[in-house]
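Open your viewer and get the whole chain on screen.

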Amino acid sequence: MTGEGKVKTKTEKGFGFIERENEDKDLFFHSNSLEGVTFDELEAGTAVTFTVVNGDKGPAAENVKLA
């Protein structure tokens with residue numbers, strides 16, 4: 001499943017969370033799951049698209065790209 005959202009937060013450890021409209025739970029993403037963008041280019045509020053996958057700890061975002 002694909003989706004759209006905005007970067008909510010990111011950490012210095014190379015991961016962050018994406019908020020989505022009409023969804024209560026934010027999606028985890030890791031810097032290894034980025035496509036065509038570097039982790040340093042992402043800021044809170046940056047619009048992104050992604051594929052939702054089932055990660056070890058629940059839904060996560062893969063193939064994260066700038067929207």
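Begin with how the chain folds back on itself. Take the contacts in the protein chain with a separation of 6 or more: 46% of them join residues 24 or more positions apart. Keep in mind that this is a predicted model.

Now switch to a cartoon view. The protein chain has five strands and zero helices. Walk from the N terminus and the order reads β-β-β-β-β. The radius of gyration is 10 Å, close to the 11 Å that the globule rule gives for 67 residues, so the chain is as compact as a globular protein of that length.

How many of the 67 residues count as buried? The share is 31%.

Colour by charge. There are 8 positive and 13 negative charges in the protein chain. Their mean positions lie 4 Å apart.

Now select Arg20. Where does Arg20 sit? Look in the loop between strand S2 (15–19) and strand S3 (27–30). Is Arg20 buried or exposed? Its relative accessibility is 16%, and buried means under 20%, so Arg20 counts as buried.

Show what surrounds Arg20. Beyond its neighbours within four places in sequence, Arg20 contacts Met1, Glu4, Lys25, Leu27, Phe50 and Val52. Stop at Lys25. Its backbone oxygen lies 3.5 Å from a polar atom of the Arg20 side chain.

Methods. Residues numbered from 1 in each chain as written. Predicted model: local features only at pLDDT ≥ 70, side-chain atom pairs only at ≥ 80, totals over all residues. Heavy atoms only, no water. Helix = DSSP H or I, 4+ residues; strand = E, 2+ residues; numbered from the N terminus. Rg over C-alpha atoms; globule rule 2.2 N^0.38 Å. Buried < 20%, exposed > 50% of the residue type's maximum accessible area, 1.4 Å probe, protein only. Contact = heavy atoms within 4.5 Å. Lys, Arg positive; Asp, Glu negative; His and termini not counted. Charge placed at Lys NZ, Arg CZ, Asp CG, Glu CD. Polar contact = N/O pair within 3.5 Å; in protein donor to acceptor, adjacent residues only side chain to side chain.
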